[in-house]
Amino acid sequence: MAVSSRRPVGIDELLERVREGLDRVEATEAYEAAQSGEALLVDIRYAALRERDGLIPGALVVERNELEWRLDPQGSHRSPEATSHDLRVVVICNEGYASSLAAVSLQQLGLHRATDLVGGFQAWKAAGFPVTVQ
């Protein structure tokens, strides 16, 4: 096994790097894009957070470990919503950290319009946008 001569990258630096390639959206833009049908909101929070805080009406819920399989338009396990590589996807996690990494992963699959919500679900909720309690 070859030893890499590159310096290890910490998560904070990695997050900063990946965000440079994202056109991240604020809660208002995400809400308006979803309402107009211009974007698919994808909630990747784990079940306990969804149960505790509620859901965004109309958002597709996909556990993070299934995200790429469910949103790859060419994938055999794709969701019906995964219609094309031109789909605008806004990934939502709890506070807007894991969603950045997830959005970049989707971009690597060819979903070039994938991005994430700055501040995540908590920013959505703080902005007063709809939330349904389970």
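## Strand pairing

D43 stands opposite I92 in β3. The model is predicted: local features need pLDDT of at least 70, side-chain atom pairs count only at pLDDT 80 or more, and totals for chains, interfaces and linings use all residues. Residues are numbered from 1 along each chain as its sequence is written, and side-chain values use heavy atoms, leaving out hydrogens and water.

Strand β1 (residues 40-43) runs parallel to β3, joined by four bridges. Two strands pair if DSSP finds at least two bridges between them. Strands (E, at least two residues) and helices (H or I, at least four) are DSSP runs, numbered from the N terminus. β3 also pairs with strand β4 (residues 115-116), in the parallel sense, over two bridges. There, V91 stands opposite D116. From β3 the chain crosses through helix α5 (residues 98-108) to β4, in a right-handed β-α-β crossover (with the strands pointing away from the viewer, the path from the first strand over the helix to the second runs clockwise).

## Burial of β3

Strand β3 (residues 89-92) is covered on both faces. V89 and V91 are buried on one side, V90 and I92 on the other. Buried means under 20% relative accessible area, exposed over 50%, partly exposed in between (1.4 Å probe, protein chains only).

## Aromatic pairs

There are three aromatic pairs. Rings of Phe, Tyr and Trp (its six-membered ring) pair if their centres lie within 6.5 Å; planes under 30 degrees apart count as stacked, over 60 as edge-to-face and the rest as tilted. Y31 and F129 are stacked, 4.4 Å centre to centre, with 15° between the planes. Ring pairs link Y31, W124 and F129 into a cluster.
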